[in-house]
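Trainee: I would like to work through this model with you, one question at a time.

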Amino acid sequence: MGLIYRNGILHFGEANLTPLDALCKRNSEAFYLYDLDGMSARAAKLREAYPGIQIHYAMKANTAPRVLKLFREAGTGVDVVSGGEIKA
């Protein structure tokens, strides 16, 4: 996950680079940008590097539904601290 310049344009992503100027022009309000492919790839690399361990995502870091869905589908557990996090 990261930012990289290509041909003078700032791009975001890892496997699939997305030009940020196009995203900013389409969205007039502030928005969050997540590299879901990169998150999924990193979870897979962790599983590959440490076979047999259970990976957990710290839900307090981000409760965005698409992020949680990605980790659920990847078989990743979640670490929660409060009842409010469990309800999310």
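Trainee: Leaving aside neighbours within four places in sequence, which residues is Thr76 in contact with?
Mentor: Keep in mind that this is a predicted model. Thr76 sits in the loop between α3 and β5 (77-79). Outside its sequence neighbours within four places, the contacts of Thr76 are Ala43, Arg47, Gln54, Ile55, His56, Tyr57 and Phe71.

Trainee: Is Thr76 buried or exposed?
Mentor: Buried means under 20% relative accessible area. Thr76 has 8%, so Thr76 is buried.

Trainee: How far apart in space are Ser40 and Thr76, C-alpha to C-alpha?
Mentor: Ser40 belongs to helix α2. Its relative accessibility is 33%, so Ser40 counts as partly exposed. In sequence, Ser40 and Thr76 are 36 residues apart. In space, the C-alpha to C-alpha distance of this pair is 10 Å.

Trainee: Which residues of helix α3 are buried?
Mentor: Helix α3 covers residues 65-73. What covers its buried residues includes α2 (36-49) and β4 (56-58). The buried residues of α3 are Val67, Leu68, Leu70 and Phe71.

Trainee: Why do Val67, Leu68, Leu70 and Phe71, the buried residues of α3, count as being on the same side of the helix?
Mentor: An α-helix has 3.6 residues a turn, so residues three or four places apart point the same way. Val67, Leu68, Leu70 and Phe71 are the buried residues here. They lie on the same side of α3 because they cover an arc of only 155° around the axis.

Trainee: Which residues are exposed on the other side of α3?
Mentor: The cut-off for exposed is over 50% relative accessible area. On the other side of α3, the exposed residues are Pro65, Arg66, Arg72 and Glu73.

Trainee: Which residue with positive phi follows α3?
Mentor: Look just past the helix. The phi there is near 80°. The residue is Gly75.

Trainee: How are α2 and α3 oriented, roughly parallel or roughly antiparallel?
Mentor: The axes of α2 and α3 come within 10 Å and cross at roughly 30°. Angles under 35 degrees count as roughly parallel. That makes α2 and α3 roughly parallel.

Trainee: Which residues of α2 and α3 make the contact?
Mentor: The crossing of α2 and α3 is right-handed. From α2, the contact uses Leu36, Met39, Ser40 and Ala43. From α3, it uses Arg66, Val67, Leu70 and Phe71.

Trainee: Which backbone oxygen does the side chain of His11 reach?
Mentor: His11 lies in strand β2 (residues 9-12). At 11% relative accessible area, His11 is buried. Its side chain reaches a backbone oxygen at 2.8 Å. That oxygen belongs to Ile9.

Trainee: How far apart in space are Gly2 and Gly38, C-alpha to C-alpha?
Mentor: Gly2 is placed in the segment before β1. With a relative accessible area of 24%, Gly2 is partly exposed. Leaving aside neighbours within four places in sequence, Gly2 is in contact with His11, Phe12 and Gly13. Gly2 and Gly38 are 36 residues apart in sequence, and their C-alpha to C-alpha distance in space is 9.2 Å.

Trainee: What is phi of Asn7 near?
Mentor: Asn7 lies in the loop between β1 (3-6) and β2. With a relative accessible area of 82%, Asn7 is exposed. Asn7 has a positive phi although the residue is other than glycine; the value is near 55°.

Technical notes
Residues numbered from 1 in each chain as written. Predicted model: local features only at pLDDT ≥ 70, side-chain atom pairs only at ≥ 80, totals over all residues. Heavy atoms only, no water. Buried < 20%, exposed > 50% of the residue type's maximum accessible area, 1.4 Å probe, protein only. Helix = DSSP H or I, 4+ residues; strand = E, 2+ residues; numbered from the N terminus. Arc of directions from axis to C-beta. Contact = heavy atoms within 4.5 Å. Polar contact = N/O pair within 3.5 Å; in protein donor to acceptor, adjacent residues only side chain to side chain. Axes fitted to C-alpha atoms, helices over the stretch in contact; angles between N-to-C directions. Parallel < 35°, antiparallel > 145°, perpendicular 65-115°, else oblique. Left-handed = near helix turned anticlockwise from the far one by under 90°.
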